[in-house]
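Subject: Structure handover

Hello,

Here is the structure for you to look over. My notes follow below it.

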Amino acid sequence: PATGTSLLHYRLAEKIGEGAMGVVWRATDTTLDRDVAIKTLRIEGSPDDESRGRFEIEAKAAARLQHPNIVTVFELGEDRGLPFIAMELLGGQDLETLLRSGEKLSTTERLDVVIQTLRGLDFAHNHRIVHRDIKPSNIRVLDDGGVKILDFGIAKVESASVTRAGMMVGTPYYMSPEHIRGGVLDGRTDVFAVGVILHELFAGKRPFMADD
């Protein structure tokens, strides 16, 4: 889609982010007259079953997690064969951008980011959802100091899984040993990733740096 395109009752205004699986747009909900974020599935040709499956898992995982430290999802929809997720539009910037900007965060601010992230993850884990891709770019720091966890695209929801045998998904720098080995994962793998982020926040580098 391009700027000005409508997906159902959402009118796309501008592209504000993109990742491996999706593109995020600032948009207007013309029914409720409010600004929202729309994430469309990034596809080359037609979306395959695995891509659609992960996209649906992201929407369903986030939608069932109503928590101040998790992005709020409004709707999972599809228009002319293009799946999309409508969610709250967030200000601020992701932690990855904040870290690379060189902006100095106080000890209290750094700890607060970690504490709020852990609060959101604790809530998700209590609802039997493991994020599996916690990293700075998936943590949004709002202008008021609030923190929101983003992108449940590879979350594991109870017994739901769309990962092919032998395929590893996640971001290696932040993955726990059991995740890298392809083992059974639970909430502890998310906590490990937060530990890596905690180290990065205070040491200025990740604890594990290697070429492979």
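Strand 4 and strand 6 pair in the antiparallel sense, over 5 bridges. This is a predicted model. Within that pairing, isoleucine 38 stands opposite alanine 86 in strand 6. Strand 4 covers residues 34–41, and strand 6 covers 82–88. Is strand 4 buried or exposed? Of its 8 residues, 6 are buried, so strand 4 is largely enclosed by the rest of the structure.

Threonine 28 has aspartate 35 of strand 4 as its bridge partner. Strands 3 and 4 make a hairpin with 4 residues between them. Aspartate 33 takes a positive phi there, near 55°.

Leucine 12 stands opposite alanine 27 of strand 3. Strand 2 (residues 10–18) pairs in turn with strand 1 (residues 6–7), antiparallel, over 2 bridges. Leucine 7 has tyrosine 10 in strand 2 as its bridge partner. Strands 1 and 2 form a hairpin too, with 2 residues between them. Leucine 8 sits in that turn, with a positive phi of about 55°.

Strand 9 (residues 139–141) is joined to strand 10 by 3 bridges. Isoleucine 139 has isoleucine 149 in strand 10 as its bridge partner.

Next, the nonpolar cores. The largest has 36 residues. Which residues have the most contacts inside it? They are Leu95, Ile134, Ile139, Phe152 and Ile197. Several elements each supply at least two residues of this core, among them strand 4, helix 1 (49–63), strand 6, helix 2 (95–101) and helix 3. Strands 9 and 10 are also on that list, as is helix 5 (188–203). Helix 5 gives the most, with 5 residues. Take leucine 95 and set aside its neighbours within four places in sequence. Leucine 95 is then in contact with Val113, Pro136, Ile139, Val141, Ile197 and Leu201. Apart from this core lies another, of 11 residues, including Tyr10, Val23, Leu82 and Ala86. As background, nonpolar side chains in soluble globular proteins tend to be buried together.

On to the aromatic rings. The count comes to 2 aromatic pairs. Why is the pair of tyrosine 10 and phenylalanine 84 called edge-to-face? The ring centres are 5.7 Å apart and the planes stand at 75°, and planes over 60 degrees apart count as edge-to-face. Tyrosine 10 lies in strand 2 and phenylalanine 84 in strand 6, so the pair ties together parts 74 residues apart in sequence. Both residues are buried.

The other pair is phenylalanine 192 with phenylalanine 208. This one is stacked, at 6.4 Å centre to centre and 5° between the planes. Phenylalanine 192 is in helix 5, and phenylalanine 208 is in the segment after helix 5, 16 residues apart. Phenylalanine 192 counts as partly exposed, because its relative accessibility is 28%. Phenylalanine 208 is exposed, with a relative accessible area of 53%, as the cut-off for exposed is over 50%.

Some totals for the chain. There are 5 helices and 11 strands. Of the 212 residues, 44% count as buried. Among contacts with a separation of 6 or more, 58% come from residues 24 or more positions apart.

Last, confidence. The chain averages a pLDDT of 85, and 87% of the residues score at least 70. Over residues 158–166 the pLDDT is below 50. Beyond near neighbours in sequence, that stretch has 11 contacts in the model. Where pLDDT is low, predicted coordinates should not be read in detail.

Best wishes

Methods: Residues are numbered from 1 along each chain as its sequence is written. This is a predicted model: local features need pLDDT of at least 70, side-chain atom pairs count only at pLDDT 80 or more; totals for chains, interfaces and linings use all residues. Side-chain values use heavy atoms; hydrogens and water are left out. Two strands pair if DSSP finds at least two bridges between them. A nonpolar core is a set of buried Ala, Val, Leu, Ile, Met, Phe, Trp, Tyr and Cys residues joined through side-chain atoms within 4.5 Å. Buried means under 20% relative accessible area, exposed over 50%, partly exposed in between (1.4 Å probe, protein chains only). Contact means heavy atoms within 4.5 Å. pLDDT is the predictor's confidence in each residue, from 0 to 100. Rings of Phe, Tyr and Trp (its six-membered ring) pair if their centres lie within 6.5 Å; planes under 30 degrees apart count as stacked, over 60 as edge-to-face and the rest as tilted.
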